[in-house]
Each structure stands twice: as structure tokens, then as C-alpha cells.
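Here's a quick tour for anyone meeting this structure for the first time. Have a look at the model below, then read on.

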Amino acid sequence: MVDHQIGLKNETTYGTAVVVDTFFEFLPGDPIALETGRTESESLRSGQIVMAADRFLPYRLGGSGTRQIEALTLGFDWWLLHMLGDVQVATNSPVTGAETHTATMNDLCGLSFTYQENVPLGACQDTDQAFTWAGGKIGKWTLSSEVEGVLNFEAELVFADLSTGTALATASYPTGAELFSWANASVEVDDVVVPVTSWSVSCDSKLKTDRHYMAGSGASPSTGRKEPVSDGYREVAVEFECDRTDLALWAKFAATARASTLIKFEALSQGPAPITGSTYPALNLTCPAVRLDEVSLGGLSLEMPSQSISGVARTLGTNQPITAAYITAV
């Protein structure tokens, strides 16, 4: 029986853990790693060959790790808030019984979460051990899909500190959640459907994570990570692969006029069953201005020709560099 679980909940105050109440299925991987250090003496002492055992002091800096999740038709709006910074919900939109969560970029300062994972002990992994991490932030994330696969989400997480004494929360999961399969997905470039074999959208939030200060005293040092905050422009990267049928994308890449190098990129993933009528659960990513930085035309060989396209999203006028529209059942 699987006893592994992860649970999360938004914090009111950064670094102050709360009881988790939202749970997600996740892909196998390593537990979040504790970041530690040892301050060592550099002094010389007569008659000593190896440094004395009382000439170092240990400390903790926080934690970090990567978690991968298969995005589902229910519940993924929780992640969108911490990925981008703002989520607006329109109930009964586009139809009664459905709601649209529209995520756009906003300040990530003040947004944090508690994350708890069960790291079972014993050869049979039948002894629960909760690791509860406070002060969670997403430093980098990627959404991706490929032929014969599902919509995958990967997040690089950082935390302020860890507790192993918090009770393991009881997990529960949304009823009726479905996978986003490649069979119900499409990509549009400049509002024209382009058959692709894979695509990915990733974001580096450019958070300053090495915020450690001298602010402790005596037997209770304070060395944990202070809230990571913005330390530069965010970087949104787009990649996709498709057949080499013409030179249209390569021509945009090769253009010397700035506006000619920009494309609109849209990746739509839909659930297999409608919420009602013709309205399906969906996650739609839109980048209205992607600058093409590389178009590889592939090789000259007997293999079917394909091309790899990559670029970065930019702000165009008042448009958001990226918008995520997530349609779910109410």
C-alpha cells in the first residue's frame, strides 16, 4: 500500500507553519533536502594533527527540492497562484457549473505555503514520518506535454525551515479529477494550429533565496531562510517541436525587424469529459509576444525532418507576458 503523500496550505505569515489541508498526487522523487552548514575554526594549535571536535558549529539554512505533478482537471489553481502571483475566479463562466481561474503575473512577495510530505520509515515503509516545511516558495516551474504523455508540472521549491514533530495530516483528494492527455491538446502559433510533438513553458521567478542574516542569540540561533523576494526580471521560456514543412518560423527567427521576430504562442490542454454541454475542463497558456531566439531546422538525412523552436516571452503593450486560464467544474 502506498503511504506517500504531500499536502499544502497557504500561510498567513511567511515561515509560520499551518496545518495542511490540500493534497496532490505526485510523481516519485527525492524528499525535500535540508540545507545545512558547519562553521569551522581555522586556527592552529600545537600538537594537533586533526581539528578538535569542539571547533565547529552546525547551522541550518532551510530546504530545497523539486516536485513533479501530473496536472489534473481539478485543484491545479492552487499552484497557479504561487507560480504567477495572482488568480481571479469567475464563477459560472463560461457556463453554469464551471468556473474559470485566470492567473496572471503579480508580485510574489507575501505569498508562501506550508508543505508536508510523508517520508515512511522501515524496510516496508510502514511507519509514517511527516516532514513539515514552512515558508514555501516556487523558484522555478515548468509545464510540459508530449505525444503519448500527459500535462506535467515541475516546481523547484525552497523553504525556510523544517519540523519533524508535526502530526501527519489525513489526506483527501478531489472527486472526479481527470488527467490532461496529449490526445486532447493543441498548440497555436499566431492563432493557427501547429501540429507539435512536444512543448514546454517554463519560468524562472528570479527570487533571491540566499537571504540569511545574523539575527540569533545563544542556544537558539536564527539562521533559516528569510522570505525570498524578487531579484530581477522574471524569465519565461517557450519551446516546441514540429515538422519542417516550410520556412515560416525560420524566417521570423532570421528577420532583422524587431516586430517580425515575435509570435503569439498558445498551448491548450483539455480534459476527456465535458463539464456540461460542449464546455470541457482546460488549462490554456497564452504568451502573446514570444521572441524567437532559435529555430533549428534539423539534419540533412533520410529521417523525417523536424524543427525545434525556442524563445522567450516579452511584455507587449498592456498585455501580460503569460496568462493561464484554468476551467474547472464548480
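## An exposed valine and its neighbours

Let's start with Val50, which is exposed: its relative accessible area is 64%, and the cut-off for that label is over 50%. In this predicted model, you'll find Val50 in the loop that runs between strand S3 (33-40) and strand S4 (56-70).

Together with Ile49 and Met51 it makes up a nonpolar surface patch, and the three share about 350 Å² of accessible area.

## The whole chain

Stepping back, the protein chain has 20 strands and 2 helices. Its C-alpha atoms fill a box of roughly 75 × 50 × 45 Å along the principal axes.

Take the contacts between residues at least 6 apart in sequence: 70% of them join residues at least 24 apart. As for charge, the chain carries 20 positive and 39 negative charges, and their mean positions sit 11 Å apart.

Most peptide bonds are trans, and most residues other than glycine have a negative phi. Now for some exceptions. Ser93 and Pro94 are joined by a cis peptide bond, with omega at about 10 degrees. Pro94 lies in the loop between strand S5 (85-91) and strand S6 (98-105).

That S5-S6 loop also holds Asn92, a non-glycine residue with a positive phi of about 55 degrees. Asn92 is partly exposed, at 43% relative accessibility.

Gln125 has a positive phi too, near 50 degrees.

Methods
Residues numbered from 1 in each chain as written. Predicted model: local features only at pLDDT ≥ 70, side-chain atom pairs only at ≥ 80, totals over all residues. Heavy atoms only, no water. Patch = residues over 30% accessible without salt bridge, like charges linked within 9 Å, V, L, I, M, F, W, Y side chains within 5 Å. Areas by Shrake-Rupley, 256 points an atom, 1.4 Å probe, with all protein chains shown as cover. Salt bridge = Lys/Arg side-chain N within 4 Å of Asp/Glu carboxyl O. Helix = DSSP H or I, 4+ residues; strand = E, 2+ residues; numbered from the N terminus. Buried < 20%, exposed > 50% of the residue type's maximum accessible area, 1.4 Å probe, protein only. Contact = heavy atoms within 4.5 Å. Lys, Arg positive; Asp, Glu negative; His and termini not counted. Charge placed at Lys NZ, Arg CZ, Asp CG, Glu CD.
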